[in-house]
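Colleague: Thanks for making time today. Could you take me through this model and tell me what stands behind each label?

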Amino acid sequence: MSAERVQVEDPNDPQMILRDLPEREHAEFLRQYHEAVDAAHDPAGYRQLQQLLHAWRLTVIATSQPGYYQELAAVRRGTAPTSRAEQVFPDWQDRLAAARAAPQ
C-alpha cells in the first residue's frame, strides 16, 4: 500500500479566489491583484499582497451569503437598518475606554 499525498487547497490562492468570486467582482480583483503583485517585487510589498489575498478571500465568503448585494445597496443608499454600538455590545463603553487607554 502506498501513501498518496493529500493536496490541501490554500484559501488565499489567487486562482481559488478568482474561481469562487462572483463574475461581477473579477475585474476589480484582478486590478488590485496585479497592482499588489507589482508592489511585491519590493520585499516590503509582499505583506500587502498577502493582506490583499486574505481580504478577497473574506469577500468570497461575504458574497456567497444570500442577500449580500441587496444589503450592500441598502448601506449605500443609507436605508440599511442600524443599531447603536451599546445595543450590540453591552460593554461598549468599557471596550472604548480600554482602546483609548492602550498604548499606540
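Colleague: Which residues does Arg 57 touch, not counting residues up to four places away in sequence?

Modeller: Arg 57 touches Pro 11, Asn 12, Met 16, Ile 17 and Asp 20, where contact means heavy atoms within 4.5 Å. Arg 57 itself lies in helix α3. This is a predicted model, in which local features need pLDDT of at least 70 and side-chain atom pairs count only at pLDDT 80 or more, while totals for chains, interfaces and linings use all residues. Residues are numbered from 1 along each chain as its sequence is written, and side-chain values use heavy atoms, with hydrogens and water left out.

Colleague: Why is Arg 57 called buried?

Modeller: Buried means under 20% relative accessible area, exposed means over 50%, and partly exposed is in between, with a 1.4 Å probe and protein chains only. The relative accessible area of Arg 57 is 12%, so Arg 57 is buried.

Colleague: And what makes Thr 63 count as buried?

Modeller: Thr 63 has 10% relative accessibility, so it counts as buried. Thr 63 also lies in helix α3. Leaving aside neighbours within four places in sequence, Thr 63 is in contact with Pro 22, Glu 25, Tyr 68 and Tyr 69.

Colleague: Why is Gln 87 called exposed, and what makes Ala 98 partly exposed?

Modeller: Gln 87 has a relative accessible area of 60%, so it is exposed. Ala 98 stands at 47%, and therefore counts as partly exposed. Gln 87 is in helix α5, residues 85–88, and Ala 98 is in helix α6, residues 92–101.

Colleague: Which residues form the largest nonpolar core?

Modeller: It has 10 residues: Ile 17, Leu 21, Phe 29, Ala 36, Ala 40, Leu 49, Leu 52, Leu 53, Trp 56 and Val 60. A nonpolar core is a set of buried Ala, Val, Leu, Ile, Met, Phe, Trp, Tyr and Cys residues joined through side-chain atoms within 4.5 Å. Helices α2 (26–39) and α3 (46–63) each supply at least two residues of this core, and α3 gives the most, with 5 residues. Ile 17 touches Phe 29, Leu 53, Trp 56 and Val 60, among others. In soluble globular proteins, nonpolar side chains tend to be buried together.

Colleague: How many helices and strands does the protein chain have?

Modeller: There are 6 helices and 0 strands, counted as DSSP runs numbered from the N terminus, helices being H or I with at least four residues and strands E with at least two.

Colleague: What makes the protein chain more spread out than a compact globule?

Modeller: The radius of gyration is taken over C-alpha atoms, and the globule rule is 2.2 Å times the number of residues to the power 0.38. For 104 residues that rule gives 13 Å, whereas the protein chain has 20 Å, well over it, so the chain is more spread out than a compact globule. Along the principal axes, its C-alpha atoms fill a box of roughly 55 × 40 × 40 Å. Buried residues make up 17% of the 104 residues.
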